[in-house]
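Here's a quick walk around one part of a fold, told helix by helix and strand by strand. Have the viewer open as you read.

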Amino acid sequence: MTTMTDDRGRRPTATQTPMTMQALIAKIGKGPKTSKDLTWDEAKQAMRLLVEGKASDVQVGAFLLAMRVKLESVSELAGLTSAAREYVPPLRVTSTRPLVDVATYAGKQDTFHALIGAAIVAAAAGAGVLMHGHEGIAGRASSAAVLSALNIPTDRAPDRVAQDLAANGFAYLDVALYHPPVSRFLQLRQELGVRSFFHPVAKMLNPARAAVQLIGVTHPPYFEKTAEALRMLGSRRALVLRGVEGDPELSLTGATRLLELKDERILPLSLGPRDIGLPAGAFRDMAGCSPAHLDQEAGLLRKILTNQLRGPQRDWVVANAALLIYAAGLSASISAAVPTAQQTIETGAAGRTLSLLSGSSSAKESAA
């Protein structure tokens, strides 16, 4: 029998008969007084049954909703994520750039995607940024949709994404092309009417096993749990944000709560624009476009990145670019990264990176 180790490098305890899905549902679904959390190994077993299609449709719905009602423990979230990672190999990225994993699964309803502009600025400043997400967000504009409006590829296979990331410093990975089972379970939100644990699991997948992860959280119960789960998974560095509309973005209008995981310590932070040397803005400065008019949002981002627009909208992109530059280890603090982000725009480096990213698809395919 082959001996395996988990994400934390430990060896499993003595082999036990795996629990059935019925038994797992019974353990978590007995009600507020008698339900119990799954162990690490039981959570991994549950994920395997789900991914391998060994649970019926009724069992899938029952398990997801029972978990939703009970609320996942830190160990359950980590175990589920660890098991999900077992089914797909990490991207092989050959690059000397410090790599930041950026999970964008929330979608935008009211604000524009400052994080996209920020990621391109950070890439132009020397960071590597892998953004991943999915399209199944009814009524919300996904990051993929905005990137497509910028003519940046969003439908490439994982191997090609790894090549683009190494060559250009930025790439987007569709989770449906990287981990189809996780993507299918994310789509169940439309049928269930609520999110499931597959949303935090997708955010924690870290497809390239980047040294740093940037994750946004909407629901308060997942804020501390996400940071704790990442620590349990062996992550050395991560930033978890109560970000704008669930994306890992600093707000322009007030303080954003963050948790920084660094060398197994989790530090709470509260950061507003004035804390990093930028003026605070109004909510209207962050306003976005409807999914039917994403060309307008793409136009706004182009103006910011090509140094044609100053003011609070650019400040919002700069603030989040500084966050990414700091996360990549290219600056000692977020405030110290603000001038770097501003200079990257003003010197034209951000605009050149945008041209490279938006032109790489047509240029390379034409050459072929």
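What covers the buried residues of α12? The cover includes α4 (74–85), α11 (198–203), β4 (212–216), β5 (237–241), β6 (256–262) and β7 (265–271), with contact meaning heavy atoms within 4.5 Å.

Some ground rules: this is a predicted model, where local features need pLDDT of at least 70, side-chain atom pairs count only at pLDDT 80 or more, and totals for chains, interfaces and linings use all residues. Residues are numbered from 1 along each chain as its sequence is written, and side-chain values use heavy atoms, leaving out hydrogens and water. Helices (H or I, at least four residues) and strands (E, at least two) are DSSP runs, numbered from the N terminus.

Back to α12: Tyr 222, Phe 223, Thr 226, Ala 227, Ala 229 and Leu 230 are buried there, that is, under 20% relative accessible area with a 1.4 Å probe, protein chains only. They sit on the same side of α12, because their arc around the axis is only 160°, taken from the directions from the helix axis to the C-beta atoms. After α12 comes Gly 234, with a positive phi near 95°.

Now the sheet. It is open, with 7 strands in the order β3-β2-β1-β4-β5-β6-β7 and mixed pairing; two strands pair if DSSP finds at least two bridges between them. β3 (170–174) and β7 are at the edges with a single partner strand each, so one side of each lacks a neighbour in the sheet. β2 (residues 128–133) runs parallel to β3, joined by 5 bridges, and Val 129 stands opposite Phe 170 in β3.

| Helix | Lies across | Angle |
|---|---|---|
| α7 (residues 158–168) | β1 (99–104), β2 and β3 | about 165° to β3 |
| α14 (residues 312–327) | β1, β4, β5 and β6 | about 155° to β5 |

Angles run from 0 to 180 degrees between N-to-C directions, using axes fitted to C-alpha atoms, for helices over the stretch in contact.

Note on methods: Buried < 20%, exposed > 50% of the residue type's maximum accessible area, 1.4 Å probe, protein only.
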